[in-house]
Number of protein chains: 4
Amino acid sequence: MRVFQIDGGWSFDHLTVAERPEPVPQAGQVLIRMQAASLNARDLIVPLRGYGRATGELPLIPVSDGVGTVIGLGEGVTRVKIGDRVCPTYFQGWIAGEPSAERFATALGGPLDGVMADRVCLSEDGVVRVPDYLTHEEAATLPCAAVTAWSAISIHAATRPGDHVLIQGTGGVALFALAFAKLHGARVTVISSSDAKLEQARALGADATINYRTVPEWSRPARDIAADRGGFDTIVELGGEATLGQSIKCIRIGGTIALIGVLSGLAPALPLGAIVTRQVRLQGVTVGHRDGFEAMLRAMAQHQLRPVIGKTFAFADLKAALDETARPSGIGKTIIRFDAHDS
Amino acid sequence: MRVFQIDGGWSFDHLTVAERPEPVPQAGQVLIRMQAASLNARDLIVPLRGYGRATGELPLIPVSDGVGTVIGLGEGVTRVKIGDRVCPTYFQGWIAGEPSAERFATALGGPLDGVMADRVCLSEDGVVRVPDYLTHEEAATLPCAAVTAWSAISIHAATRPGDHVLIQGTGGVALFALAFAKLHGARVTVISSSDAKLEQARALGADATINYRTVPEWSRPARDIAADRGGFDTIVELGGEATLGQSIKCIRIGGTIALIGVLSGLAPALPLGAIVTRQVRLQGVTVGHRDGFEAMLRAMAQHQLRPVIGKTFAFADLKAALDETARPSGIGKTIIRFDAHDS
Amino acid sequence: MRVFQIDGGWSFDHLTVAERPEPVPQAGQVLIRMQAASLNARDLIVPLRGYGRATGELPLIPVSDGVGTVIGLGEGVTRVKIGDRVCPTYFQGWIAGEPSAERFATALGGPLDGVMADRVCLSEDGVVRVPDYLTHEEAATLPCAAVTAWSAISIHAATRPGDHVLIQGTGGVALFALAFAKLHGARVTVISSSDAKLEQARALGADATINYRTVPEWSRPARDIAADRGGFDTIVELGGEATLGQSIKCIRIGGTIALIGVLSGLAPALPLGAIVTRQVRLQGVTVGHRDGFEAMLRAMAQHQLRPVIGKTFAFADLKAALDETARPSGIGKTIIRFDAHDS
Amino acid sequence: MRVFQIDGGWSFDHLTVAERPEPVPQAGQVLIRMQAASLNARDLIVPLRGYGRATGELPLIPVSDGVGTVIGLGEGVTRVKIGDRVCPTYFQGWIAGEPSAERFATALGGPLDGVMADRVCLSEDGVVRVPDYLTHEEAATLPCAAVTAWSAISIHAATRPGDHVLIQGTGGVALFALAFAKLHGARVTVISSSDAKLEQARALGADATINYRTVPEWSRPARDIAADRGGFDTIVELGGEATLGQSIKCIRIGGTIALIGVLSGLAPALPLGAIVTRQVRLQGVTVGHRDGFEAMLRAMAQHQLRPVIGKTFAFADLKAALDETARPSGIGKTIIRFDAHDS
């Protein structure tokens, strides 16, 4: 079968197509014919410097997010059956409960082999069934970006109707956070550097928007928007160094800033005093567990929520798809289709 | 009656004894004859630059923490009766629930007049009854330092038996945090720059200690202490700029760093990447509400827990007491006695 | 001023109009000119047998729910100003936090005098400001029925998008629970004995309905509706003896049954075994606190949610209004207008 | 290898020793040489009428609780290694998070084969490592009785220092609940029909005791014990029909009654009115998840807590051990030793 793999060194030049034997599902495993994958910021970093503290072992099949159909079952599998359409979970070993080093060591696309392969073999505990109403492209976007947004909005912030939520940007996590905050009944403000993208955000349900390029001190109009509550209940912080100072100025006393993103290496000066005196919670969010993924799917299916899809590429064009992810030409998730294998 | 007040300008020179008429309790109010007060780091800052954004209005009676006896009742008071010994709550208007700007605007000792007065008149909602087993000196230490530690350990961190808790230093909040973490059944590690103080911490129940002067990279031995859990469940962060980087290195994945203290103006570079990838929660803690104060008192009374008392000063010697608070000669809270009025 | 009061004994015959002197707001109090009141099942019971264990003292002004305009302020009031439209809180002394005997002893309409008076004088802590978009009739319905439903749906059940919620009947609490569950993004099933009312429930947003008169074993079709989750996440239990057994059959494992209503005296046989083996939570709900009331108002205002209004009566026609409450001719809350005093 | 199994029908007569081939660990599985087992009330019911709705398939190896040593590993096992001493989890498929029908369908000793076998083969996800300080007998008691008590005290009731906890009886779950409530810093009251057992309870840490045989209306003295809080924060309800009415009389407003035990078939009349007006939470507790088991072990190891052991029987004497469980001659868990296989 075809796979993409990083082999021989850590660089995009070492990311090549190869052949591997088809895997055979062991006891408790499922064999999946992949139909689509979706790219995240993380997929731009892994080929360059691996994952976690060590760079990790090679060869490695990259990319964590995708969808496929179950075509084989190992002994004793009960969670899924042949023909089910499933997404892998980002953390194969995080079913529910608190995070831990052991659970975080089970990420697809590094350290574990990812989904850029015609066939993927995983534990039945590492997949979730996908609602029928979603296309392959839509379903492929869910494991990392959507689950991260769900964890921030529904689990960590426990968003309720009447809450003010501020979301930074219009990237993959941001658009899911916008959609999920609306499902939870919240009033959502989106900031972006592009008026065109802000218009798209409004079309997707944003109640208010601010262009932070034209209004660098965006915390001021933001405070006005959330004045009835003294600031935002929740801010989905995706900008890091550039935005955190402004976020702390417009979060309400007692509010939650959900820190998301691949921000390694950044070390902004942080106004600790304001965090203490305003009793702010800064909550790192690292994707989420399978129970959260399934709760999110129930909510999405009930509301027939559709992810925003960007450009689509063929399997062989992974590098072009990564370029698009690095410098997106518009909003929406970048997709890989495994067309030749699709029914 | 005698009061200490800041009058005519913001400096220690403007902190003087004065006479004011005795207050008369209005409907819903209680009149308290003060018996002891206790000093916090905040009391060193208010005379210099006031409180909050604006410096505030003068004259102001300083100091938030103390204890006294109810000697007068306004109409309709039901929470306390004549003769009850009570502590004022730090935030007069925060009974329970979420914090807010309105609730934070009700702090004693700025913006509201504090306890350095022979008689203090407060809403019945702004006092709590004190268990009999505590001396006046001990009871006086509770409203700010103890409630802050309780909020961190019991409410925000929800400490349970088996948890690893790390506490920085041996100051007022730190020693309460140590005692409360032990009541919750946790294993406690204390760091300090003084071997003598670490010995005192062990005598007070600390299970492990590290001298951060002799071991600047104290996160390494700390990680070993909490190795069975992959790091500390909770760190009570009192050092700010100097310690936060080390704290992030030894907190467990998913753990909570409770940020406490008067850290205004400090802006350390913060490793946001690690906060995200290790799903750390950074939780600002600003004292706490009355329900928490009363829950803390029930726990203390059950276990007959006694605060650690440092040096004691007469009412007239407030400035000397502030000097001791700024440069403590040992561990334990600094106390003011209102002796002439004591029964 | 005019008041309705229960005087001389506990029966509807002792419920009469009387004159009382206008109250004068003391320190911390507000004087309210009442504009509308709304009736609850509780208002049918208080005239007959009082409230709580003892029947209580007479005379008593009945009815807990209403709305009016602030026309006078005692000394030091900051939460509201002259001209604000406010609702009293059901429990005058429950601001936030856990319930307690002290907090439950502060209910309007027994033991405290209620709102059937031209002027009502309350602590500023016992009122909340009402959004402008609501009519007087609509605002009057909120303190008991709406807050009870909010506490059940938003606080105790922590309802999220994708949840299955079942609501019994189409009474006051039920219709608020339906509206709030929809705001929280849930899928709502309503049961009733009337097809006409079920049609109204669907018009108000119910996703599914069951007539329990024609389907006495309604837990079976209910289970089918919530089959993807193995049963309902939350059931708002308003029927008590007649329905609890069915509820336990269609709640999901780990689900919450919110017990609501004036069910005193009823003692149904309860299948404890199923509660244990299915890890059900049975949660009594007793109205709620002021923080919850204000959170509910923020959510309602954001979504411009309007309470369902039934029949409206003049002040003098309280007994006819109570008859309508006892045997409602349709859905919606029964209202009293204080018209002569309305601007 | 030797096994006990129920075969040919549901009765104690069908519970016999048999031989089965030794299992071979598949991918992800561990092979365990059993050293001790421990009996619960459930083990008295399964041989008579099976488990759950259907009686289930035969033959079935009974008993859920035990401890053994890992002597074989399937491919890819990482959670444990050869020589580790482990307990099986009661629910093999409940790692963490919310309960569900799927997770509850994975109980050892019915529907899954239990631990009365010389060798037991389980998924690595279905075992937890046991601290060294515990004897085999002590470790064998943990999976069902101790985890149930931990779930009630630590998870559902979130017990804190200062809480009042009432525990019914001195059975297996009760004694663990007593020990865990003390670890959480609570004040514990135990009720029993035997003064001798109450004396043992005091020796194990109970702060107060009541003999409910001599004081049938035990809720009265119980209310006095918890008078400072208006009743008990938490009651561990193990008696069911006979005790629930009394429990509701002495729980505090807003308190939690943790319903535990095999109470199937019982249907006591329940005072719903009091549950509503006092906002009581009745929480069914069904053992618990693996994350809770491991948290409990960390707490036990820190405090070197030792389970109370009753009579010990040889493997072949299972029926005598079940008799002892049904009519215990004293307090403490009944144990089975697999001696011949012990190192």
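Predicted model: local features only at pLDDT ≥ 70, side-chain atom pairs only at ≥ 80, totals over all residues.

Biologist: Which strands are the edge strands of the open sheet formed by 12 strands?

Modeller: The order is 10(A)-9(A)-8(A)-11(A)-12(A)-13(A)-13(B)-12(B)-11(B)-8(B)-9(B)-10(B), with mixed pairing. Neighbouring strands are turned by 15° against each other on average, direction ignored. An edge strand pairs on one side only, and this holds for strand 10 (208-211) of chain A and strand 10 (208-211) of chain B.

Biologist: On which residue is the kink in helix 4 of chain B centred?

Modeller: Helix 4 (residues 142-156) of chain B has 15 residues, and a straight helix would reach 21 Å at 1.5 Å a residue. Its end C-alpha atoms are only 18 Å apart. The helix has a kink of about 25°, centred on W150(B).

Biologist: How many residues of helix 4 of chain B are buried?

Modeller: A residue counts as buried if 20 or more other C-beta atoms lie within 10 Å of its own. Helix 4 of chain B is mostly covered, and the buried count is 15 of its 15 residues.

Biologist: Which helix gives the largest share of the side of chain A that touches chain C?

Modeller: In this contact, 16 residues of chain A meet 16 residues of chain C. The largest share of chain A's side, 5 residues, comes from helix 10 (residues 290-303) of chain A.

Technical notes: Residues numbered from 1 in each chain as written. Chains lettered and ligands numbered in written order. Helix = DSSP H or I, 4+ residues; strand = E, 2+ residues; numbered from the N terminus. Expected span 1.5 Å × (residues − 1). Bend = angle between axes of the 7 residues up to and from the residue. Buried ≥ 20, exposed ≤ 12 C-beta atoms within 10 Å, placed from the backbone. Contact = placed C-beta atoms within 7 Å. Pairing = 2+ DSSP bridges. Axes fitted to C-alpha atoms, helices over the stretch in contact; angles between N-to-C directions.
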